[in-house]
Amino acid sequence: GALAKRGGALGDVRVSEIMVKDPVTATPDMEVNDLRRTMLDTSARYLPVIQDGKLLGVVSFRDVAKAVLEEQDFENKMLKGYIKNWPA
């Protein structure tokens, strides 16, 4: 990135020179699977979450991966409970 190009010295580099202009953004009501697809399609590791022109936060690919794993874990537990209580 910016540091490597300048041999480890940023000096008086301005944020505007190294920031991503017009980044891909997410909204709070976006489904996690849509968010995951967007991140994979754009290779974005972080997405700003925007609502009504305001920055609410930033979601990382790690956050998305964790949410997907937790959802799968929950579904697995429900399924196991259902199978265990299956009438013989």
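**Close-up views of a predicted model**

**Figure 1. Asn85 in the segment that follows helix H4.** Asn85 lies in the segment after H4; helices (H or I, at least four residues) and strands (E, at least two) are DSSP runs numbered from the N terminus. The model is predicted, so local features need pLDDT of at least 70 and side-chain atom pairs pLDDT 80 or more, whereas totals for chains, interfaces and linings use all residues. Residues are numbered from 1 along each chain as its sequence is written, and side-chain values use heavy atoms, without hydrogens or water. Asn85 counts as exposed because its relative accessibility is 61%; buried means under 20% relative accessible area, exposed over 50%, and partly exposed in between (1.4 Å probe, protein chains only). From Asn85 to Leu40 the distance in space is 39 Å, C-alpha to C-alpha, and the two residues stand 45 residues apart in sequence.

**Figure 2. The protein as a whole.** Four helices and two strands make up the secondary structure of the protein. Read from the N terminus, these elements follow the order α-α-α-β-β-α. The protein is more spread out than a compact globule, because its radius of gyration is 20 Å, well over the 12 Å that the globule rule gives for 88 residues. This radius is taken over C-alpha atoms, and the rule is 2.2 Å times the number of residues to the power 0.38. Along the principal axes, the C-alpha atoms fill a box of roughly 75 × 35 × 20 Å. Of the 88 residues in the protein, 15% are buried. Among contacts (heavy atoms within 4.5 Å) with a separation of 6 or more, 24% join residues 24 or more positions apart.

**Figure 3. The largest nonpolar core.** Which residues make up the largest nonpolar core? Its nine members are Ala26, Leu35, Met39, Ala44, Leu47, Val49, Val59, Val64 and Val68. Helix H3 (32–42), strand S1 (46–51) and helix H4 (61–84) each supply at least two residues of this core. A nonpolar core is a set of buried Ala, Val, Leu, Ile, Met, Phe, Trp, Tyr and Cys residues joined through side-chain atoms within 4.5 Å.

Figure 4. Ala26 belongs to the loop between helix H2 (15–18) and H3. Is Ala26 buried or exposed? Ala26 counts as buried because its relative accessibility is 3%. Leaving out residues up to four places away in sequence, Ala26 touches Leu35, Leu47, Pro48, Val49 and Ile50. Gly57 is 31 residues from Ala26 in sequence, and their C-alpha atoms are 9.8 Å apart in space.

Figure 5. Ser43 is found in the loop between H3 and S1. Although Ser43 is not a glycine, its phi is positive, at about 60 degrees. Ser43 counts as exposed because its relative accessible area is 64%. Where does Asp52 lie? Asp52 is placed in the loop between S1 and strand S2 (54–60). Asp52 also has a positive phi, of about 50 degrees, and is not a glycine. With a relative accessible area of 78%, Asp52 is exposed.

**Figure 6. Ser60 in strand S2.** Ser60 lies in strand S2. This serine is buried, since its relative accessible area is 12%. Which residues does Ser60 touch, not counting residues up to four places away in sequence? Ser60 touches Met39, Arg45 and Tyr46. Met39 is also one of the residues of the largest nonpolar core.

**Figure 7. Lys66 in helix H4.** Helix H4 holds Lys66. Lys66 counts as partly exposed because its relative accessibility is 46%. Between Lys66 and Val24 there are 21 Å in space, C-alpha to C-alpha, and the pair is 42 residues apart in sequence.

**Figure 8. Ala4 in helix H1.** Ala4 is part of helix H1 (residues 2–5). Ala4 is exposed, as its relative accessible area is 62%. How many Å apart in space are Ala4 and Ile83, C-alpha to C-alpha? Their distance is 55 Å, and in sequence Ala4 and Ile83 are 79 residues apart.
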